[in-house]
Amino acid sequence: IDKTYKTHRGGKDIAPTSVHLLYPPDDLEELITGKHGWTTFPEHELSDMNLTWMSSCHDEIVVGAKVLHYPATHFDRLWHKYNHLGNFPAVRFGGELVVPDSFHLQARDEYLKHQDKTVQQQKLKELLEHAAFLRSEEEIQSQLETGSVVVIDTVRDSLQRGCWTAPRLLRPSLHSLLQRRPSKAEMERMQKMKRFPVEKLSCPEGLLKNSDPGLDLVLQELESKGWAACNLGLHPKILQRALLEAQQLKPRMAKGSTVIENEILDPSLPNADRGDRILFMQEQGLSGAAAAKGPAPTLTMLESALTDFGMQLDLRLQRSSLRLRITERCDGMLACYEAGGAYSAHIDNADGDGRVDGRVLTMVLYLNVNWDRSAGGELAIFEANDGDLGDPNVKGSWHVVYPEAGTLVLLRADRVLHEVRSAYEERFALSMWFCGQHVEYGGS
């Protein structure tokens, strides 16, 4: 990023003096063919930097830039970058911010130290190799496991098949994710499709006492349908205590909201209408060993149990056809729907969560002892049988789970459309999300 700034008196108007816009990959073909990119680089420099698909422009781009990025993706461009920047200052914003020692300053100094272009290029190359290149199998594996780098098998696959093979898509683009959210008209049509009560998995005495065979059954359902429902197998007194603790925590709860692309959605939209009140366990000091002596020890224990199930599923998911790897768990969420409360149809992780390892698995444990099914409050899960979400003529059915105490639902957070139907009584649920990514995106 070119961080050479110009400031005006008062320090209020700050703008970069050399930028170009960075477009998402989905738009790259249109960008290259249509010259929809602009840069402040002079016209005569564009060919040297392989940027002939961009248009040289100055004032407009400086004023309107939203994303700043300096193209320095190989050695030649690295030299062009520091040749362009020259002896830039080590302070920003009129001296208020001092730039710490960094690769950026080291590259500037290395460039200025030598006059010959060939020597400058060689020194910058050596500096980049030392700072950024992976030098051992251990470093490579470490970067793979964190998701910082990814193995692309395109060359190998192309050689094996004797023809060009495009890289495998390890995670969908943001555009394709958002396309799966039904419009208002589509939702109205889908709401008229048939609804069936869910048959829970056959797991004698519940998942707690038969975790290995039970989780194997859960995995089969996740692979084939994207969701599963079962009994956790909790003692009735534990469920009663959990419900009482949840009721006592109501004063701490706040109204829930739906966030897409870091913006809170208008509740009137078809995917954002929700009527629950929520709190997050860790945020409220209700997670971990210390919380066992707090106001909700039973809920703390149940959150820990859900976390344990998520970790036990991890290896199964990696070896399954889903090829998913759990990277971390999110903070547990306690939710209360008061009489009349509902949550319109939505996908939990509709936009990728803005990260390479967004939420992939949702767990919901219901706490409602002696729930009367006539009170509503069902979780309805949409299952397509003709087409897929986002298709204008998708067909399918809704599968209904009643929010009865001890019922556990697991579903793909990034795939499954579901809704909470209006309840005529107060209902409580404890939810947990797990983040993850394709196993080949960040190691195995």
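Predicted model: local features only at pLDDT ≥ 70, side-chain atom pairs only at ≥ 80, totals over all residues.
Axes are lines fitted to C-alpha atoms, for helices over the stretch in contact, and angles run from 0 to 180 degrees between N-to-C directions.

Two packed helices are described by the angle between their axes and the distance between the axes. For helix H11 (residues 211-224) and helix H13 (residues 297-319), the axes come within 10 Å, and the crossing angle is roughly 60°. Angles of 65 to 115 degrees count as roughly perpendicular and those under 35 as roughly parallel; H11 and H13 are therefore oblique to each other. The crossing of H11 past H13 is right-handed. On the H11 side, the contact is made by Ser211, Asp212, Leu215, Asp216, Val218, Leu219 and Leu222. On the H13 side, Phe309, Gln312, Leu313, Arg316 and Leu317 take part. By class, the residues of this contact between H11 and H13 comprise seven nonpolar, two polar and three charged.

Strands of a sheet pair through backbone hydrogen bonds, either parallel or antiparallel. Strand E21 (residues 427-438) pairs in the antiparallel sense with strand E13 (residues 324-329), with strand E14 (residues 333-337) and with strand E16 (residues 359-366). The pairing of E13 with E21 comprises five bridges, and within these two strands Arg329 stands opposite Phe434 of E21. E14 is likewise joined to E21 by five bridges, with Cys336 opposite Phe428 of E21. Seven bridges link E16 to E21, and Thr362 faces Trp433 of E21. With buried taken as under 20% relative accessible area, twelve of the twelve residues of E21 are buried, so this strand is largely enclosed by the rest of the structure.

An open sheet of five strands was also identified, with the order E7-E18-E17-E20-E15 and mixed pairing. Its edges are formed by strand E7 (195-197) and strand E15 (343-346). Each of these two edge strands has a single partner strand, so one side of each is left without a neighbour in the sheet. From one strand to the next, the twist of this sheet averages 20°. Strand E17 (residues 379-386) and strand E20 (residues 418-420) are paired antiparallel over three bridges, and Leu379 stands opposite Val420 in E20.

How values were computed: Residues numbered from 1 in each chain as written. Heavy atoms only, no water. Helix = DSSP H or I, 4+ residues; strand = E, 2+ residues; numbered from the N terminus. Parallel < 35°, antiparallel > 145°, perpendicular 65-115°, else oblique. Left-handed = near helix turned anticlockwise from the far one by under 90°. Contact = heavy atoms within 4.5 Å. Nonpolar A, V, L, I, M, F, W, Y, C, P; charged D, E, K, R; others polar. Buried < 20%, exposed > 50% of the residue type's maximum accessible area, 1.4 Å probe, protein only. Pairing = 2+ DSSP bridges.
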